[in-house]
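Reader: I'd like a close look at one part of this model rather than a tour of the whole thing. Could you pick a single element and walk me through what surrounds it?

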Amino acid sequence: ERAYQCLEKAREFVRELKVFFTEELIFGEGPIVFLQLKDSQIALAWAESLQAQGFDIRAIRYPTVPEDQAGLRVSIHASHGPADLKALVRAIRSMVIEC
């Protein structure tokens with residue numbers, strides 16, 4: 001049941017991101033979602049901003065991924081409530097708008 005909840009939450013999270021984030025930059029069919037930002041400095045800045053807001057988001061950069069494929073790793077857990085995920089979507093959306 002918890003695994004199913006994680007998958008459903010991740011799917012809803014991705015659906016909401018697709019409203020303002022191009023589909024080819026969102027990777028993940030399960031509870032780990034990768035948002036490709038392409039630039040290591042942007043990925044690091046976004047991760048730090050989201051962490052300052054209380055989200056446990058990590059920047060994934062070279063050498064873990066090729067230099068032009070840096071991004072953010074988001075792990076969805078069964079314990080995350082709808083309000084948690086909506087707040088994260090809002091925070092990411094505001095950063096997209098600022099760019």
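Author: Let's take S2, which is mostly covered, as 5 of its 7 residues are buried (under 20% relative accessible area; over 50% is exposed and in between is partly exposed, with a 1.4 Å probe and protein chains only). Before going further, keep in mind that this is a predicted model, where local features need pLDDT of at least 70 and side-chain atom pairs count only at pLDDT 80 or more, while totals for chains, interfaces and linings use all residues. Residues are numbered from 1 along each chain as its sequence is written, and side-chain values use heavy atoms, with hydrogens and water left out.

Start with the sheet. It's an open one of 4 strands, in the order S1-S2-S4-S3, with antiparallel pairing (two strands pair if DSSP finds at least two bridges between them; strands are DSSP E runs of at least two residues and helices are H or I runs of at least four, both numbered from the N terminus). Its edges are S1 (26-27) and S3 (58-60), each of which pairs on one side only.

What does S2 do on the S1 side? The two strands run antiparallel and are joined by 2 bridges. Phe 27 has Phe 34 of S2 as its bridge partner. S1 and S2 make a hairpin with 4 residues between them, and Gly 28 in the turn has a positive phi of about 135 degrees.

On the S4 side, 6 bridges join S2 to S4 (residues 70-75), and these strands also run antiparallel. Here Leu 35 sits opposite Leu 72 of S4, while Gln 36 stands opposite Gly 71 in S4.

H1 (residues 2-17) touches S1, S2 and S4, and its direction makes about 25 degrees with that of S2. H2 touches S2, S3 and S4, with its direction at about 30 degrees to that of S4.

If you skip residues up to four places away in sequence, Gln 36 touches Phe 21, Leu 25, Phe 27, Gln 69, Ala 70 and Gly 71 (contact means heavy atoms within 4.5 Å).

Now step across to the partner strand. Val 74 lies in S4 and, with a relative accessible area of 2%, is buried too. Neighbours within four places in sequence aside, Val 74 is in contact with Phe 13, Pro 31, Ile 32, Val 33, Leu 35, Ile 57 and Leu 88. The C-alpha atoms of Val 74 and Arg 58 are separated by 7.2 Å, though 16 residues apart along the chain.

Ile 57, one of the contacts of Val 74, is found in the loop between H2 and S3. At 3% relative accessible area, Ile 57 is buried. Setting aside neighbours within four places, its contacts are Ala 47, Leu 50, Gln 51, Leu 72, Arg 73, Val 74 and Leu 88.

Two packed helices are described by the angle between their axes and the distance between the axes. For H1 and H3, the axes come within 10 Å and cross at roughly 25 degrees (axes are lines fitted to C-alpha atoms, for helices over the stretch in contact, with angles from 0 to 180 degrees between N-to-C directions). That's why H1 is roughly parallel to H3 (under 35 degrees; over 145 is roughly antiparallel, 65 to 115 roughly perpendicular and the rest oblique).

At the H1 and H3 contact, Lys 9, Phe 13, Glu 16 and Leu 17 in H1 meet Leu 85, Lys 86, Leu 88, Val 89 and Ile 92 in H3. By class, that's 6 nonpolar, no polar and 3 charged residues (Ala, Val, Leu, Ile, Met, Phe, Trp, Tyr, Cys and Pro are nonpolar; Asp, Glu, Lys and Arg charged; the others, including Gly, polar).

H2 (residues 40-52) meets H3 (residues 82-98) as well: their axes come within 11 Å and cross at roughly 140 degrees, so H2 and H3 are oblique to each other. Trp 46, Ser 49 and Leu 50 in H2 meet Leu 88, Ala 91, Ile 92, Met 95 and Val 96 in H3. The class tally for H2 with H3 is 7 nonpolar, 1 polar and no charged residues.
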